[in-house]
Amino acid sequence: MNKSRFSRREFFRLAGVGVGGLLLAAGSRKVSAAYAPFSVTTGLTPTGDEAAIDLTARAARVNLLPGAATRVWQYQGQGDSASLQTIPDSYLGPILRLKQGQNLRLRFNNNIPDASIVHWHGLSVPHDMDGHPHTVIPQGQGYDYEFPILNRAGTYWYHPHPHGRTGPQAYYGLAGLLIVSDEEERALGLPSGEFDLPLVIQDRSFDRDNQLVYVADPMNGFFGDQVLVNGQSRHTWKVQARPYRLRLLNGSNARIYKLAWSDNQAMTVIATDGGLLEKPVKRPYLTLAPGERAELWADFSAYQPGQKLRLESLPFSAGDGMMGMMMGSSGLPNGSAMDVLSLQIVPATGGENPVLPQRLSDPGFHAEQDAVNRNDPRRITLAMQHMTGTLNGRTFMMNEVAADEKVRLGDLEIWEFINSESGMGMMGGSGHPHPMHIHGVQFRVLGRQVNRQNRADYEALSAGFVDDGWKDTVLVWPGEQVRLLVGFQPYTGMYLYHCHNLEHEDGGMMRNYQVES
Ligand code: C2O
Ligand code: CU
């Protein structure tokens, strides 16, 4: 095989991850010595800037619904106020606002009666900073995180990662956004401040006393009966008749959304998991699977004050079949039509409106022909066996890495996720969709192929995929094969890849892979 390795410097230039001049003092002990240090100059000056934060997971009560307060688990932040934005009346943790090049020093305190650890979804961090389940800590203990923010501007997030307990812990409220900004993004003049709105979409069910109900079936996952936005129950948002930047995260355990505006206007997408696209793209609707993010340019300036608009999730067939129906929770099945958010237009308060840039960023993609295994891709077959999701026939073992789960630092590889369930599966279902997430990297989706049996269901969702940008989570439909280009830099060590249906993950649909120098 012709190994065409790409140099570290090249990689970061291309990935836009960037950068030089980052004084990676803190993280540098983790960086492989096989490569030149990061401090190659590519224009960025070291900020020397550090965000020091205390993040505590604890029990809390939140007023989500009229009547009794809801008992939740919640991340609470303290420390550097410029980096912390609290969402009132929400169970979500603070939004962590960080800059590329900044050093994050964060103490996690676990005050919930369950072992836990925090994972920074989408970020490139040293392996022992990644929230691997072998690093969980019990109630009353703490974990010190320290790493530089290498990723480009984008909407990332954080959530627990204890093995077997991620689903319930995230469900009871442990999650938050982590927003990174960089120079390239700041130069665009995108809507900011109150016009840059996060929209974390999660489904939940409540009992008559307003308490959260978590009943998940291992085959399909948890499905609630209503959608909450930003950890708040449904209400109407007032938005000005002007452009907004909407940062969407599907923070649900298992539900896939087919998001559309109620007046059928197209969705203008400007970013995916790993930040801004090269240029905006339009979709009739946006398909967002658990773990995925997308950013929209939403221009309300053509609406009249007083007008109403909804963001809804359109119905689709998720093919879960009889088994899901029989075992499912009280919630609405995957693919049900649901209301997400109601907007009411109010007059703009003046000022010049930002204009949507026709060129957003230089994503710096790698070339497929540079993949070391382009003639023999790494194939990972996704299956359900004995009610458990498997990856190449295996389930999660805490410290196990199989021979075919080792990659080399600096290599660019092609990975193919193959969802082996197809056509009329068990009791009439057509199989299970799996949103596959790889830790420690941002990848590119090179192509997709679906078999004939699953094509009809697939085509009712696939126009809403946005494969144009950097991704860390990708939906793999039953009968589908998705081809990725993924590079392993700059850290060595053991990382995870898994299904981000949290019940599949908790059931063991997760494996380690090892980056070796
Ligand atoms: Cu968002 Cu391993 O997870
Ligand atoms: Cu799955």
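Author: Two strands pair if DSSP finds at least two bridges between them, and a strand is a DSSP run of E with at least two residues, numbered from the N terminus. This is a predicted model, in which local features need pLDDT of at least 70 and side-chain atom pairs count only at pLDDT 80 or more, while totals for chains, interfaces and linings use all residues. Residues are numbered from 1 along each chain as its sequence is written, and side-chain values use heavy atoms, leaving out hydrogens and water.

Reader: In what order do the strands of the open sheet of five strands lie?

Author: The order is β12-β20-β19-β14-β17, with mixed pairing. At the edges are β12 (236–240) and β17 (286–288), each of which pairs on one side only. Strand β14 (residues 257–261) pairs with β17 in the antiparallel sense over three bridges; Tyr257 has Leu288 as its bridge partner in β17.

Reader: Which way do the side chains of strand β11 point?

Author: In a regular strand, side chains alternate between the two faces of the sheet. In β11 (residues 226–229), Gln226 and Leu228 point one way and Val227 and Val229 the other. All are buried, that is, under 20% relative accessible area (1.4 Å probe, protein chains only).

Reader: Which residues touch the most other members of the largest nonpolar core?

Author: Nonpolar side chains tend to be buried together in soluble globular proteins. A nonpolar core is a set of buried Ala, Val, Leu, Ile, Met, Phe, Trp, Tyr and Cys residues joined through side-chain atoms within 4.5 Å. Here the largest has 34 residues, and Leu199, Leu246, Leu248, Leu259, Trp261, Leu286 and Phe300 touch the most other members. Strand β20 (residues 338–346) gives the most to this core, with five residues.

Technical notes
Chains are lettered from A and ligands numbered from 1 in the order in which they are written. Buried means under 20% relative accessible area, exposed over 50%, partly exposed in between (1.4 Å probe, protein chains only). Helices (H or I, at least four residues) and strands (E, at least two) are DSSP runs, numbered from the N terminus.
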